[in-house]
Amino acid sequence: SAPLRQHAAARGKFIGTALATGPLSNETQYRNIAATEFNQITAENAMKWDATEPNQGQFNFSGADTIVNFATQNNQQVHGHTLVWHNQTPGWVQGLGATAMRSAMQNHISQVVGRYANNAAVVSWDVVNEVFEENGNLRSSFWYNTLGQSYIADAFRYARAADPDARLCINDYNVEGINAKSTAMYNLVRSLREQNVPVDCVGFQSHLAIQYGFPSDLRQNLERFAALGVQVRITEVDVRMQMPRSSSKDTTQANYYRDVIQACLAVNACAGVTIWGFTDRHSWVPDTFSGEGAALIYDENYQQKPSYTAVHNALDGG
Ligand code: G3I
């Protein structure tokens, strides 16, 4: 039957995946499924600061270009991930004083966004990522501790200057339901837009786990952000479980994927859904959560799981 991307396009949405450069060059099945099933690509790691500017002023776009070239060949859009984050950022950045850190951030954004500003595939960026603590306070990252909260508005302004046409997003996890963190995000986005800071889009990562339940107010939460005038999107969904798999866990997982797709379909301002990978062969989950895994829609042998069918059927109107 038709690939996911065909059904998504018919609904006016994207269906994305995150790609890693290793398997993209080594594994034919990985490449083929990525090309066939998805119409939007996010680099899982290749566009992050440690990859693109490991030493100050020395830029390396080899991995980023690999992703962008693959997407271009396959008529896919690229969502840039991510410009300003507290993880995967080299020590040289973290040790700078305020003035030097702000100008390093400006230079990084201008070089990375600028490289793809005239590239038709690259259409959007996660400008800042994970700026909140769970209680809704701004995270006390080295960015915040050195620059104060002005670094967030500055990052958006630098990105807009580097590519006036790119859609600029703020992205976070555990903001799918209505809670202290998502309400802090809501208040920040509203306040930034009142100050004409160019925030166009809010990304809801959606790293879910079947043992923690589904955020049943996801749609309602997306709608309150949409009412601020921003685009919303699901940026990194996966649904992990405690191993081993069972058919009942697979069914629960499939229902979560279905419900995420349906929430996005129900909200006009939701541009689409990106899955954080597609095969359990390559997933961040087992490395991070001991004893958990099987979070994606294909198994380790590239066989479609019930979750694939659920995504497919939801996009097809089911
Ligand atoms: O590049 C080295 C490689 O040289 C070395 O051989 C290997 C050994 O473990 O490590 C490699 O680096 C790893 C990198 O992924 C590339 O595979 C890092 O250790 C590992 O920490 C890194 O994990 C990534 C993680 O972000 C780090 O923050 C995951 O792949 C990636 O899926 C994950 O993605 C994040 C999003 O960017 C933001 N939202 C949460 C999401 C999940 O954590």
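## Helix 10 and its length

Let's start with helix 10, a run of 15 residues: at 1.5 Å a residue it should span 21 Å, and its end C-alpha atoms do sit 21 Å apart, so expectation and model agree. Keep in mind that this is a predicted model.

Which residues of helix 10 are buried? They are Lys181, Ser182, Ala184, Met185, Tyr186 and Leu188. An α-helix has 3.6 residues a turn, so residues three or four places apart point the same way. The cover over the buried residues of helix 10 includes strand 5, strand 6 and helix 11 (218–226). Just past the end of helix 10 comes Asn196, with a positive phi of about 60 degrees.

## Strands 5 and 6

Strand 5 and strand 6 lie parallel to each other, with 4 bridges between them. To get from strand 5 to strand 6, the chain goes through helix 10 (residues 180–194), and this β-α-β crossover is right-handed.

Strand 6 (residues 201–204) is covered on both faces. Side chains in a regular strand alternate between the two faces of the sheet. Here, Cys201 and Gly203 are buried on one side, and Val202 and Phe204 are buried on the other.

Next to strand 6 you'll also find strand 8 (residues 231–242), paired with strand 6 in the parallel sense over 4 bridges. Cys201 has Gln231 as its bridge partner in strand 8.

Why is strand 4 (residues 122–129) largely enclosed by the rest of the structure? Because 7 of its 8 residues are buried.

Strand 4 pairs with two strands you can pick out here. Strand 3 (residues 77–84) runs parallel to strand 4, joined to it by 5 bridges. Strand 5 (residues 167–172) is also paired with strand 4 in the parallel sense, again over 5 bridges. Val128 is a handy landmark: Val128 is the bridge partner of Val84, and Val128 also stands opposite Ile170 in strand 5.

## Around the ligand

What surrounds the ligand? The residues are Glu44, Asn45, Asn87, Gln88, Asn129, Tyr173, Gln205, Glu236 and Trp284. Sorted by class, this shell holds 5 polar, 2 nonpolar and 2 charged residues.

Two of the names tie back to strands described above: Asn129 is in the shell and falls within strand 4, residues 122–129, while Glu236 is in the shell and falls within strand 8, residues 231–242.

Key:
Residues are numbered from 1 along each chain as its sequence is written. This is a predicted model: local features need pLDDT of at least 70, side-chain atom pairs count only at pLDDT 80 or more; totals for chains, interfaces and linings use all residues. A residue is buried if 20 or more other C-beta atoms lie within 10 Å of its own, exposed if 12 or fewer, and partly exposed in between; C-beta atoms are placed from the backbone. Two strands pair if DSSP finds at least two bridges between them. A residue is near a molecule or strand if its C-beta atom, placed from the backbone, lies within 6 Å of it. Ala, Val, Leu, Ile, Met, Phe, Trp, Tyr, Cys and Pro count as nonpolar, Asp, Glu, Lys and Arg as charged, and the others, Gly among them, as polar. A crossover is right-handed if, with the strands pointing away from the viewer, the path from the first strand over the helix to the second runs clockwise. The expected span of a helix is 1.5 Å times one less than its number of residues. Two residues are in contact if their C-beta atoms, placed from the backbone, lie within 7 Å.
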